[in-house]
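Subject: Handover of a structural model

Dear colleague,

Please find below the structure that I am passing to you.

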Amino acid sequence: MLNARQFIMLIRIPSLTATAIPLLAGGAIAFKVGKFDAVLWIDMLIVALFLQIATNVFNEHGDYVHGIDRFVSHGFSGVIVKGEASTREVFKIALAFYLAAAILAIPLVVTRGPLVLMLGFIAAAVGFLYSEGPLPLSNTPLGEVLVGITMGLIEVIATEFVSSGKITISAYFISVPISMLVSAILIANNIRDIEKDKQVNRKTLIVLIGYRYATTLFYLVITFSYLWLPIIWILTGNFFINLPVLTLPMAVWGAFYLHKNGWKYGVEISSAIYLIYGLALTLALLLI
């Protein structure tokens, strides 16, 4: 039986900002549409958080079962490696969060219809298949792209639809930098783990293109997320959408830090960039 500290480490609470940001952005878009349902939004937030927690726990289980995590290292809880929990116990915890998410999603499906069910199924499937099954997505070059689409595009448009009953063109525009910055977190993670992944013959995008091009890709993704802002401004006429530009010094500092000191804290730094950018973007949407 896991104690409270071990359980908190297992579900990786700091990573949940990756779900909170698209839910905040999608909710802000719905609020400006003028038909914001706060109860459905809160339900959607809880469902999305439970799905990500399940994904985190499946990742802990799947990486151990597939021989990727066999010793304690930076970036995962290590409850299985340290003998604090069995693979069976960890897998059951992940399933329990999936079941809870499914139950809580019933009002969303009943209220908004089959589109919500389809989007939720896609998100749940990607979360499970990322680490589980005979060929986990995390072992392929598709991981960064699929996670970015799921936790960016799908979560933003699903949140707006659940909260307002509509999907506006703004949701698609706004989801682009969110998708990019979520992908950047995963790129940073895989750059940090590149040597370990090579040893177990993982074919991630980062392994395939190599360290040099992978770091360049990370910097380009971060840069593009800022360059996209004036494009949204031109398309929507909303000057306030440029507000996240104020977070650019943090992103520049983070990039220089990683370049100079290595990628041990790449996930933490890219997550911080994502968080402050996402909060600024949400505020900008409310100022429209």
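The notes below cover confidence, salt bridges, aromatic contacts and the surface.

This is a predicted model, in which local features need pLDDT of at least 70 and side-chain atom pairs count only at pLDDT 80 or more, while totals for chains, interfaces and linings use all residues. Residues are numbered from 1 along each chain as its sequence is written, and side-chain values use heavy atoms, with hydrogens and water left out.

Confidence

The mean pLDDT (the predictor's confidence in each residue, from 0 to 100) of the protein chain is 91, and 97% of the residues reach at least 70. Helix H5 (residues 106-112) has the highest confidence, at 97, whereas helix H1 (residues 4-11) has the lowest, at a mean of 84. Helices here are DSSP runs of H or I with at least four residues, numbered from the N terminus. Where pLDDT is low, the predicted coordinates should not be read in detail.

Salt bridges

A salt bridge is counted when a side-chain nitrogen of Lys or Arg lies within 4 Å of a carboxyl oxygen of Asp or Glu.

Arg192 is paired with Asp193, with 3.0 Å between the closest N and O atoms. Burial is judged by relative accessible area: under 20% is buried, over 50% exposed, and anything in between partly exposed (1.4 Å probe, protein chains only). Arg192 is buried at 18%, and Asp193 is likewise buried at 11%.

Lys198 and Glu195 form another salt bridge, at 3.8 Å from N to O. Because these two residues are three apart in helix H9 (residues 194-199), about one helical turn separates them. Lys198 is partly exposed, at 42% relative accessibility, and Glu195 is also partly exposed, at 48%.

In the salt bridge between Arg202 and Asp197, the closest N and O atoms are 3.1 Å apart; both Arg202 and Asp197 are buried.

Aromatic contacts

Rings of Phe, Tyr and Trp (its six-membered ring) are paired if their centres lie within 6.5 Å; planes under 30 degrees apart are stacked, over 60 edge-to-face, and the rest tilted. There are 15 aromatic pairs in the structure. Phe31 and Phe36 make an edge-to-face pair, because their ring centres are 6.0 Å apart and their planes stand at 75 degrees. Phe31 is partly exposed at 49%, as is Phe36 at 31%.

Tyr226 and Tyr277 are also edge-to-face, with 5.1 Å from centre to centre and 85 degrees between the planes. Since Tyr226 belongs to helix H10 (residues 205-236) and Tyr277 to helix H12, their pair ties together parts that are 51 residues apart in sequence. Tyr226 and Tyr277 are both buried.

Elsewhere, Phe58, Phe91, Tyr98 and Phe128 are joined into a cluster by ring pairs.

Surface

Trp233, Phe239, Phe240, Leu283 and Leu287 make a nonpolar surface patch of about 500 Å². Patch residues have over 30% relative accessible area and no salt bridge; like charges are joined within 9 Å, and nonpolar side chains (Val, Leu, Ile, Met, Phe, Trp, Tyr) within 5 Å. Areas are calculated by the Shrake-Rupley method with a 1.4 Å probe, and for residues only the protein chains shown count as cover. Leu287 lies in helix H12 (residues 266-287) and is partly exposed, at 41%.

Lys260, in helix H11 (residues 248-261), is exposed at 72% relative accessibility.

With kind regards
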